[in-house]
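Here is a friendly walk through one model, helix by helix and then residue by residue. Please keep the viewer open as you read.

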Amino acid sequence: MSFKMVATDFAIDLGTSNILVYKKNEGVIINEPSMIVLDQNNTKVLAIGKEAKEMIGKTPSSIHVVKPIENGVVTDFNLTEAMLKHFFDEVNPGTSIIQPKIVICVPSGITDIESRAIEDAALHAGSRDIILVEQSLAAAFGMGLTPEDPRGILLLNLGAGTSEVSVISLNGIVTSKTINKGGDYIDYAIIDLFREKKHMDIGKSTAEEIKNNLLSLRVKDGEKSMNIDGRDLVTAAPKAVDIKSKDLVECLMPHADEIVNMLYEVLEKIPPELTADIKKDGFALTGGLSMIKGLREYIENKLHLSSYTSDNPQTDSILGAGQILDDPDRFFKYRK
């Protein structure tokens, strides 16, 4: 077993879909699904991360796949602690006298009780000092913005479990609104569409592939298609059908309109000075769901605002958490 005096500090983003880890001086080193495989009695962890995701829909009755984080909320703190311990050991294998300092990205609407539970889980997993940071604020840092400035930033964070609108200024969330719908919600809408329109059952992994590769709000993409394998609901026999992009629009439109309404609700609550900043700068877009083709343009047209995004919206929060890890004084400016 390896031994070192001081463990390496790191940051971790507890996402509904994926866990991302940033190691000091190395960058993002882990990006794995937030999933665990348990035995029949829920007492033994059999697999975590990528290995667990590969088992979805393929496990015998004696084991099952679970997600400790659903819709941006930690649903099982014991399992979350086990998952944290697994990734802690990957970052710092062996033993250390001085445990690491870590930054953890959490949903903006998290309660004090939930915050303490996450801190306790991280302490038990093996950390000495913990900084909790809201995912949207971390994303602003990760996008190269300056959330510590007295200037309004309108940020739309579209993740797997939640969709959140935040207005950020002086290192704080001025106002925000969150709904527990995101990429996973779209996956299940696609599954329902196949059942209703194609009389065919598909798995969540297949739905996710369709969402990422075919779903689009752009008219020019309407005739693009994919051949999808599944199970016939009537005969239970294997079945393959073609699906076009335009057939999937109904899976996304209700959520897209809900996002627009959220943005208007938040804009109604902020002071005129911040509104002026947003009118000039537009809104920032982050999170994996923001990569759906045509969604950004749809929201822009509805709000009559421009928008901006990073090269990889899925890593904005963890990169921002890494910046906070490297320069915590910048994060704590104007904060208690």
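## Ground rules

A residue is called buried when its relative accessible area is under 20%, exposed when it is over 50%, and partly exposed in between (1.4 Å probe, protein chains only). Helices (H or I, at least four residues) and strands (E, at least two) are DSSP runs, numbered from the N terminus.

The model is predicted, with local features needing pLDDT of at least 70 and side-chain atom pairs counting only at pLDDT 80 or more, while totals for chains, interfaces and linings use all residues. Residues are numbered from 1 along each chain as its sequence is written, and side-chain values use heavy atoms, with hydrogens and water left out.

## Helix 5 and its surroundings

Let us begin with helix 5, which covers residues 183-197. Its 15 residues reach 21 Å from first C-alpha to last, close to the 21 Å expected at 1.5 Å a residue; the expected span is 1.5 Å times one less than the number of residues. Which residues of helix 5 are buried? They are G183, D184, I186, D187, A189, I190, I191, L193 and F194. The cover over these buried residues includes strand 16 (200-201), helix 6 (204-213), strand 17 (225-232), strand 18 (238-244) and helix 7 (249-267). Helix 5 is followed by H199, where phi is positive, near 50 degrees.

Helix 6 also meets helix 5 as a packing partner: their axes come within 9 Å and cross at roughly 105 degrees. Axes here are lines fitted to C-alpha atoms, for helices over the stretch in contact, and angles run from 0 to 180 degrees between N-to-C directions. Angles under 35 degrees count as roughly parallel, over 145 as roughly antiparallel, 65 to 115 as roughly perpendicular and the rest as oblique. In the contact (heavy atoms within 4.5 Å), helix 5 supplies G183, D184, I186, D187, Y188, I190, I191 and F194, and helix 6 supplies K204, A207, E208, I210 and K211. These residues divide into seven nonpolar, one polar and five charged. Ala, Val, Leu, Ile, Met, Phe, Trp, Tyr, Cys and Pro count as nonpolar, Asp, Glu, Lys and Arg as charged, and the others, Gly among them, as polar.

## Two oblique helix pairs

Helix 7 and helix 9 (residues 295-303) have axes that come within 10 Å and cross at roughly 45 degrees, and the two are therefore oblique to each other. Helix 7 passes helix 9 in a right-handed crossing; a crossing is right-handed if the near helix is turned clockwise from the far one by less than a right angle, and left-handed if anticlockwise. On the helix 7 side the contact uses M253, A256, D257, I259, V260, L263, Y264 and L267, and on the helix 9 side L295, Y298, I299, K302 and L303. By class, that contact has 11 nonpolar, no polar and two charged residues.

The other pair is helix 2 (residues 77-91) and helix 3 (residues 112-125), with axes coming within 8 Å and crossing at roughly 40 degrees. Helix 2 is thus oblique to helix 3, and their crossing is right-handed. F77, E81, L84, K85 and F88 of helix 2 touch E114, A117, I118, A121, A122, H124 and A125 of helix 3. Eight nonpolar, one polar and three charged residues make up this contact.

Helix 10 (residues 316-326) is largely enclosed by the rest of the structure, because eight of its 11 residues are buried. Those eight are D316, S317, I318, G320, A321, G322, I324 and L325. T315 lies in the loop between strand 20 (307-309) and helix 10, and at 14% relative accessibility T315 counts as buried. R335 and T315 are 20 residues apart in sequence and 24 Å apart in space, C-alpha to C-alpha. Leaving aside neighbours within four places in sequence, R335 is in contact with E134, L137, N171 and G172.

## Two loop residues with positive phi

Most residues other than glycine have a negative phi. N25, in the loop between strand 3 (18-23) and strand 4 (27-33), has a positive phi near 75 degrees. Is N25 buried or exposed? At 77% relative accessibility, N25 counts as exposed.

H304 is found in the loop between helix 9 and strand 20, and its phi is positive too, near 55 degrees. H304 is exposed, with a relative accessible area of 62%.
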